[in-house]
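Dear colleague,

Please find below the sequence and structure that I am handing over to you. My notes on the findings follow directly after them.

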Amino acid sequence: MNWKVYVKKKIPSSFLNSVLLKFPYLYKTKLVYFETNLLAENGIGDLLNQLSLTSGVQGVVVECGSSRCGASVIMANYLKKHRIDKKILACDSFEGFDRYELKKEKNMGLTTAPENSFTTTSYDYVTKKLKVLHVDDIVTPIKGYFTETLPNFVKGPVSFCLIDCDLRDSLMFCGEYIWKILSPSGRLIFDDYTSKDFKGAKLGVDDFIKKYENEIQEHGLLNRLYYIVKK
Ligand SMILES: C[S@@+](CC[C@H](N)C(=O)[O-])C[C@H]1O[C@@H](n2cnc3c(N)ncnc32)[C@H](O)[C@@H]1O
């Protein structure tokens, strides 16, 4: 087990959350780095590079699977720094996976993730975090399962969407829903294409590409992120 994960498991999340909220400069340190899961394999570098390519595309930015809103905060800081006037919708149950879907993927041998994965976050925590980091005017957290929240709160147009929800059916639902409201030259970015822990992600992305081949301008694998550009 990675030592960061080990330390996180030992410290109660309520304590960790309150320390971070009290001393927000900690988020910027190398150790915490806004609490995103995308740090390894240049995930953040590739994400921001892809985001920059859509600065002139009409629509909002969406993150499907935000957990502790790390990637959303980093994208918000990028938009601010480059004076790009866009809002971000950070969608998540903020209570982890849909248990039924997780069980299904486990039965199919696609993952061994525990039931309590990504349950140390909460809507209350991310709301406070966005406020202390002064990005609450850019990022809006949207709580609930995607099948409920996307049709109700994400109306489009969308210029850029990071889909980082690990499981195949959720990934496909988000991809297909956002695709319909994605602007021309807009980008979908999928995490976990090469993940051994969530094998459903690659299957979902491959299915998506097959199904929408005629509407895709360009697609490809970066380091860990897979990008798809709409015609
Ligand atoms: C890998 S984490 C996201 C990490 C985040 N993008 C980051 O940069 O740190 C995956 C998230 O997807 C969420 N998720 C998975 N399936 C979901 C669903 N059907 N509805 C809502 N949230 C879901 C989980 O709650 C979890 O927080």
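A polar contact here is a pair of N or O atoms within 3.5 Å; within protein, one atom must be able to donate a hydrogen and the other to accept it, and residues adjacent in sequence count only if both atoms are side-chain atoms. The model is predicted, so local features need pLDDT of at least 70 and side-chain atom pairs count only at pLDDT 80 or more, while totals for chains, interfaces and linings use all residues. Residues are numbered from 1 along each chain as its sequence is written, and side-chain values use heavy atoms, with hydrogens and water left out.

Ligand site

A polar side-chain atom of Asp92 lies 2.7 Å from an oxygen atom of the ligand. The side chain of Asp164 places an N or O atom 2.7 Å from a ligand nitrogen atom, and a polar backbone atom of Gly96 is 3.2 Å from a ligand oxygen atom. On its own the ligand has 600 Å² of accessible area (Shrake-Rupley method, 1.4 Å probe), of which the protein covers 98%.

There are 21 residues around the ligand (a heavy atom within 4 Å); Thr36, Asn37, Glu63, Asp92 and Asp164 come nearest. By class, this shell has seven nonpolar, nine polar and five charged residues, where Ala, Val, Leu, Ile, Met, Phe, Trp, Tyr, Cys and Pro count as nonpolar, Asp, Glu, Lys and Arg as charged, and the others, Gly among them, as polar.

Helix packing

Helices (DSSP runs of H or I, at least four residues) and strands (E, at least two) are numbered from the N terminus. Helix α3 (residues 43-52) packs against helix α4 (residues 70-81) at about 45°, with the axes 11 Å apart. Axes are lines fitted to C-alpha atoms over the stretch in contact, and angles run from 0 to 180 degrees between N-to-C directions.

Backbone

Gly156 and Pro157 are joined by a cis peptide bond, with omega about 0°. Pro157 is in the loop between α7 (146-153) and β4 (158-163).
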